[in-house]
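Subject: Structure for your review

Dear colleague,

Please find below the sequence and the structure that I am handing over to you. My findings follow directly after them, and I would be grateful if you read them with the structure open.

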Amino acid sequence: MTENKNTNSIRVGFFWQTLTSENLGVGALAQSQLSIARTAAERAGVRISCIEFCPTGPNLKLANELKCDIADPLSPRKILLGKSKYITQIRGCDLALDIGAGDSFSDIYGMKHFFFLSLSKFIALLLGKPLILSPQTIGPFKSRIAVIASNYLIRNSNKVFARDGLSMAYLIAAGHSTNTQEVIDVAFRLPYEKKIASNSIATKVGINVSGLLLNGGYTKNNQFGLTVDYPVLIDRLIAYFQSLPNTEVHLVAHVIARTLPVEDDYAAIIELGRKYPSAIIAPEFQSPSEAKSYISGLDFFTGARMHACIGAYSSGVAVVPMAYSRKFNGLFNSLGYTAIADLIKDSTDEAYSKIVSGFDDRVKLKQLVEVGNLKAIQKIQGYEDYLVEVFKKLLELKRQGK
């Protein structure tokens, strides 16, 4: 790939997001980010071409439909041996938008993971590319090396967008206040089609079942520190909602991971469907927008996949997220929404009661969701407005031959 010379267009590198993942939450980030960038480009009078820098999943359909190129994998060995176009592909970009897979700019997933998330940023800076850290969770950073490296990268980024109040508080405490801004998760802007209510008078309850939590996580030793018995909680919820008159239970998968069975929500709901045959198994969604469109037709929703819950919230559905990490609490609390079952603090009985109470109070929760969505729209608009100005400046520089 040669460097982009068209003075009427901008080549944007989208780092650590992918349209090809089996995890629809990861796809929701990518599709939403792309939608916001293209809207900003249209407002700026700029044409953009897109390339993703992230490990590639098996589902290429959406990337092809949205006309987004896929870069070579980040392999230091292949780069040093001259067997990768990775450096050339970054050099061909005018701008790097790095969303850090939503919550991966941290060392909680291990130093190897942090190394790769940081290496791509260092390469972009070394090549003189403007680097923007798109809305994401920032931190935590525990090791001294991670603290030093992350501080350098944050300080040298053109702008850093935190997607929640906890991340923004971390940035300020670490001395980063001049180039930082709190917004919200980009998935609040995921395109969807509002599902028209059927003639059925039944109340539709959606339960997103996490295959990862149901299977005990990758290590089967409660790696997330859950204080609830998750399988028992799911069983109790299905049984309770099915016992109510005129109520449909919809089991919803948001990670359809044929290549990683421990992650697979769809396999989990199929198995639960055998146990609860009257439950409705939601389709095997082909895109994040398809999942959100389906969820938008429900009356109440609960689940442990954060972006499934964002899909519910941002489409106006009363929701009680099942939080198992601080990213849930930070994001929803920043909207003044506290109807959360905390799976790493609550007992199984407490989590169950919060979800059932949320269902009983769903009319009130829906009103709170509507208020929160107004806040979310304003927050994410700040990110789009910033991109508009960046695109305008980059286009002007290109026209000046700089």
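Thr180 has a relative accessibility of 9% and therefore counts as buried, since the cut-off for that class is under 20%. Please bear in mind that this is a predicted model. Thr180 belongs to strand E7, which covers residues 180-182. Leaving aside neighbours within four places in sequence, the contacts of Thr180 are Lys159, Val160, Met168 and Leu171. Val160 is 20 residues away from Thr180 in sequence, yet the two C-alpha atoms are 4.7 Å apart. The side chain of Thr180 also has a polar atom 2.9 Å from the backbone oxygen of His176.

I turn next to the nonpolar interior. In soluble globular proteins, nonpolar side chains tend to be buried together. The largest nonpolar core here has 100 residues, and the members that touch the most others are Ile207, Phe301, Leu343 and Phe391. Helix H15 (residues 362-399) gives the most to this core, namely 11 residues. Phe391, with neighbours within four places in sequence left aside, is in contact with Ile10, Val12, Ala37, Ala40, Ala41, Ala44, Val46 and Leu95. Another core, of 29 residues, lies apart from the largest one and has Phe53, Tyr86, Ile154 and Met168 among its members. Met168 is also one of the contacts of Thr180.

Which residues of helix H11 are buried? They are Pro288, Ser289, Ala291, Lys292, Ser293, Tyr294 and Ile295. Helix H11 (residues 288-295) is thus mostly covered, with 7 of its 8 residues buried. Those buried residues pack against H1, helix H2 (61-65), strand E9 (247-252), strand E10 (280-281), strand E11 (300-303) and helix H12 (306-314).

Finally, some values for the whole chain. It has 15 helices and 13 strands, and 56% of its 402 residues are buried. Among contacts with a separation of 6 or more, 72% join residues 24 or more positions apart. The C-alpha atoms fill a box of roughly 70 × 45 × 40 Å along the principal axes. The radius of gyration is 21 Å; because a compact globule of 402 residues would have a value near 21 Å, the chain agrees with that expectation.

Yours sincerely

Conventions
Residues numbered from 1 in each chain as written. Predicted model: local features only at pLDDT ≥ 70, side-chain atom pairs only at ≥ 80, totals over all residues. Heavy atoms only, no water. Helix = DSSP H or I, 4+ residues; strand = E, 2+ residues; numbered from the N terminus. Buried < 20%, exposed > 50% of the residue type's maximum accessible area, 1.4 Å probe, protein only. Contact = heavy atoms within 4.5 Å. Polar contact = N/O pair within 3.5 Å; in protein donor to acceptor, adjacent residues only side chain to side chain. Core = buried A, V, L, I, M, F, W, Y, C linked by side-chain atoms within 4.5 Å. Rg over C-alpha atoms; globule rule 2.2 N^0.38 Å.
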